[in-house]
Amino acid sequence: MTKNSAQPLLEIEHLVKHFGLKSPGIFGRSRGTVHALNDVSFAIQKGETLAIVGESGCGKSTLARVITGLHQPDFGQITYAGKNLRQNIQMIFQDPFASLNPRLTIGDIIAEPLIIHKLGTPAERQKRIEEVLESVSLQKSDAQKYPHQFSGGQRQRIAIARALISEPELIIADEPLSALDVSIQSQILNLLMKIKAARELTYLFISHDLASVAHIADRVIVMYLGQIVESGDCESIFNNPIHPYTQALILAAPAIGIGKRQKSTLIVGESASPLAPPTGCFYHPRCPKSLDSCGIEAPTLSPALGENNSHLVACPIALNDRNLTVS
Amino acid sequence: MLNPPLLSVNNLEIAFKLDEGLFRAVSKVSFELEAGKTLGLVGESGSGKSLTALSLLRLIPEPGSITQGEIKFNGEDILKFADKNMRALRGNNISMIFQEPMTALNPVLTIGEQIAEALTIHDKATKRDAQQKAIAMLDRVGIPDAALRALDHPHNLSGGMRQRAMIAMALICKPDILIADEATTALDTTVQAQILDLLIDLQHEFNMAILFISHNLGVVSEIADDVMVMYGGRIMEASPAPLLFDAPQHPYTQVLLSTLPNPALRGQPLTVIEGSVPTRYDLLAGCRFAPRCNRAIEQCMAADISLVDIAPNQRSACINMAGQ
């Protein structure tokens, strides 16, 4: 087969990941199954920033871990167009206080991907460490220091330097801003945008913060209880959300400039436990639009009419309402 | 004669005894709380906002203490209260909800027992009566099957339900002042919206004053009537919420707001605040923000700048403002 130029960098098909919960001990009784990912399919194109948004328990972090190989999927396929998936995908974690080994120097922390993948001589590694520290606006001399000597924002820069050193094609950033102060968040967001442009990187940006997603993403996937409920271009999702969950999520996001809140909650209750997801559409118990049929039939992602067909929504009711107004 | 304000804090200073000397973590903090109103307190980590909140309950952790100022509740300085009177005040007149309900709740007591405890202590209620009231309050904060949930332990509840239980515990004695310290930060966005709506409802019902502390400017703008911005242990600006967010006066507030992603500037580099907060910010002679301020002039580094009225209800601590 000839290589298609539109071939995605990473393609994920029908990914399923369940975790069995067991009481402690070898005779521990099974306490059910966490449905972390249920039939998740999407593709990442080279050079784009794809954001995954959703609340806790929606499976966004499990997804990152399955893609990076930290978890094995139960079912489904991950196709990587590049050469070596492990070496070319790097991850940035949420908490820069937990993700850096306190007993290693910054230089050793950053060099680890090179050592693991057996890249470069010690002299070359040293040079790469210095280069990559400078590219995240840290000093060469910082390589001799230890993590405790740095602030949260600087630690996140170190984590980014570690992710960059093996020159990956895809960086998965799992809530890279949420442990940082507001003024530091803008520094890190700027840095992520700068290095992406300079190195032609592809990002999978996982976040619950819609404002930063709207700022950085080209495309957005909204997840709920291990499933994709809506996906599309960043503008379509934010300006024209169709799935009732996406609408509720955008409405619930706190915003400056609208004054004191009017009671506006479109959404009731909390996400069901991924241990026992509801039947039919997983969102139906909280959904203001739900009909009897929503509890029976599981919806599939379908294109929205009147949009370019990349806007997919897993809600036949919202799509039908919308198609009636469009046509 | 005018009634004294519900709570007025004057020239508060909180200091920690360190080996290298006294660290004045919070100083020159003055503000008032009014019944039925919400005062938002924003600032980044280490700005002194949580210490300011804890001082209202006199719960500053060792080796820190309140070294100056007064905190008047209904006209009486609580810093002069005996410990016994202070205990009567905590939870009864002034109560607090915290960020992480899992660590703030007692894991070995049922939800109902923990909520009822405050009533048996403060109101000398009978156990049975207290339990009934606890269930009614759980119902009020939106916990379904309240009578059954009251028998659960904290680990049986979801994050949002635990936060509701903590609110029920804080409100069971119908306090005059509720302090919410990052009370919605750990929650999911859709649950956060529900808790904010609940707090606004309960405030109307009980006519409480709320001191709402958060680093999330969006959340504060949606719940506060007035907002105070802290940096380096000082108040930089205090204004009615609409004014503060539409027309911020202090350079710190201005630059802090400009760092936020803005849909009109999608994909553009965001404004950043260069540098970082010095660890011993209290040793700076002048304005705490001056070393990072792009409008700083020589006097900013030298003069101790205080908060002054720049317009009715609007205060700012900046030499560039009129009158300084």
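What radius of gyration does chain A have, and what would a compact globule with 327 residues have? With 327 residues, a compact globule would come near 20 Å, and chain A has 21 Å, which agrees. The radius is taken over C-alpha atoms, and the globule rule is 2.2 Å times the number of residues to the power 0.38.

This is a predicted model, in which local features need pLDDT of at least 70 and side-chain atom pairs count only at pLDDT 80 or more, while totals for chains, interfaces and linings use all residues. Residues are numbered from 1 along each chain as its sequence is written, and chains are lettered from A and ligands numbered from 1 in the order in which they are written.

Along the principal axes, the C-alpha atoms of chain A fill a box of roughly 65 × 55 × 50 Å. Chain A has 10 helices and 11 strands, which are DSSP runs numbered from the N terminus (helices: H or I, at least four residues; strands: E, at least two).

In chain B, helix H7 (residues 159-171) and helix H8 (residues 189-206) have axes that come within 11 Å and cross at roughly 15°. Axes are lines fitted to C-alpha atoms, for helices over the stretch in contact, and angles run from 0 to 180 degrees between N-to-C directions. H7(B) is therefore roughly parallel to H8(B), a term for angles under 35 degrees. Gly160(B), Gln163(B), Ile167(B) and Leu171(B) of H7(B) meet Val191(B), Ile195(B), Leu198(B), Leu202(B) and Phe206(B) of H8(B), a contact being two C-beta atoms, placed from the backbone, within 7 Å.

Conventions: Angles under 35 degrees count as roughly parallel, over 145 as roughly antiparallel, 65 to 115 as roughly perpendicular and the rest as oblique.
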